[in-house]
Amino acid sequence: MLLKVEDLKVHFPIKKGIFSKIAGYVYAVDGVSFELKKGETLGIVGESGCGKTTTGLAVQRLINHTSGSIFYNGKDISNLSKAELRPYRKEMQTIFQDPYSSLNPRMTVEHIIADPLIIHGAKDKVRIAERVAYLLEKVGLSPEHAKRYPHEFSGGQRQRIGIARALVLNPDLIIADEPVSALDVSIQAQIINLLLDLQKEFGLSYIIIAHDLAVVEYICDKIAVMYLGKIIEIGTYHDIYMNPRHPYTKALLSAVPEISNKRREEKIVLYGDVPSPINPPRGCAFHPRCPEKSEECNTKVPKLTDTKGEHRVSCHLYSS
């Protein structure tokens, strides 16, 4: 098992008054658990503000988590110091959502891609230049682009540069936060196919954070659906798309434009807004908007329950 996350929580304190007393918490991530095998792709989906990006940052220890455990290759990295985490930084890299703001406009492409190597102690300039040229070709660019600056490239080309930067340290795990949402639709397909090709060639594992279910359907082996800081359903691609169990997952899928006849269910319209993560509802977090709720949902928090194989759902409809 490459990555195992157990009951991960990230609560941000809300401070008020001249003495900055803690008046409450934002429950951004509230008990997330999942596993990722080597060479596997996990998609994390959900509405904006559900905790997807915060989960990705916490897994990499880029932000502090409140509680929970993170195991990487069997090693608990949850409470390691910055110095102890340094070797693991090379193993986990990120592809950012915005290819415009994620690249330093004052640095050349060569400097941008080589920077992680230099930070981790590489000093041979010839080998660094060779590595940069090699990766530029792998992501569909030319080695001659190394001397240019980010403003000379299109959005799709900039994202290719970001992918090359993520690959430069030979990581095993790449967390891609909305990697194609800022790109044109035609370019999105190119970037997704590039990620798949690179995964096969380098044996990469991915965590894809997205709100576009069509993208996740195409690239992911497993899918986790998040709502208000919790994973409410997780399973294989077939489990989630062909046999969704949670009412929220059904509503998400029913909203996806469909030009074929694979799914002909009626559209499910959810009323009301997503509750505030500062004051989440008692019981099931989804119950204020759920068309299938019962009295039990108002007071009792459902647990992720195995339904079949790797398919688990957090809903009282399926609790034993």
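**Backbone, salt bridges and cysteines in a predicted model**

Helix α1 is followed by R61, whose phi is positive, near 65°. Helices (H or I, at least four residues) and strands (E, at least two) are DSSP runs, numbered from the N terminus. The structure is a predicted model, in which local features need pLDDT of at least 70 and side-chain atom pairs count only at pLDDT 80 or more, while totals for chains, interfaces and linings use all residues. Residues are numbered from 1 along each chain as its sequence is written, and side-chain values use heavy atoms, with hydrogens and water left out.

Buried denotes under 20% relative accessible area, exposed over 50%, and partly exposed the range in between (1.4 Å probe, protein chains only). The buried residues of α1 are K52, T54, T55, G56, A58 and V59.

Most residues other than glycine have a negative phi. With a relative accessibility of 41%, S20 counts as partly exposed. Phi of E178 is near 50°; E178 is found in the loop between β7 (173–177) and α6 (185–202). At 9% relative accessibility, E178 counts as buried.

The structure holds 10 salt bridges, a salt bridge being a side-chain nitrogen of Lys or Arg within 4 Å of a carboxyl oxygen of Asp or Glu. One of them joins the side chains of E40 and K222, at 3.9 Å from N to O. This pair links distant parts of the chain, 182 residues apart: E40 is in the loop between β2 (21–36) and β3 (41–45), and K222 is in strand β9 (residues 222–227). Both E40 and K222 are buried.

A salt bridge is also formed between E292 and K250, where the closest N and O atoms are 3.9 Å apart. E292 lies in the loop between α9 (247–254) and β11 (304–308), and K250 lies in helix α9, so the pair ties together parts that are 42 residues apart in sequence. E292 is partly exposed, with a relative accessible area of 34%, and K250, at 24% relative accessibility, also counts as partly exposed.

In a further salt bridge, the side chains of K300 and E296 meet at 3.7 Å, N to O. The relative accessibility is 46% for K300, which counts as partly exposed, and 33% for E296, which counts as partly exposed too. Elsewhere, salt bridges that share partners join E40, K222 and E310 into one network.

A search of the whole structure finds 0 disulfides, where a disulfide is a pair of cysteine sulfur atoms within 2.5 Å. C290 is in no disulfide, and the nearest cysteine sulfur, that of C297, is 6.1 Å away. C290 is buried, with a relative accessible area of 14%. For C315, the closest cysteine sulfur is likewise in C297, at a distance of 6.2 Å, too far for a bond. C315 counts as buried, at 8% relative accessibility.
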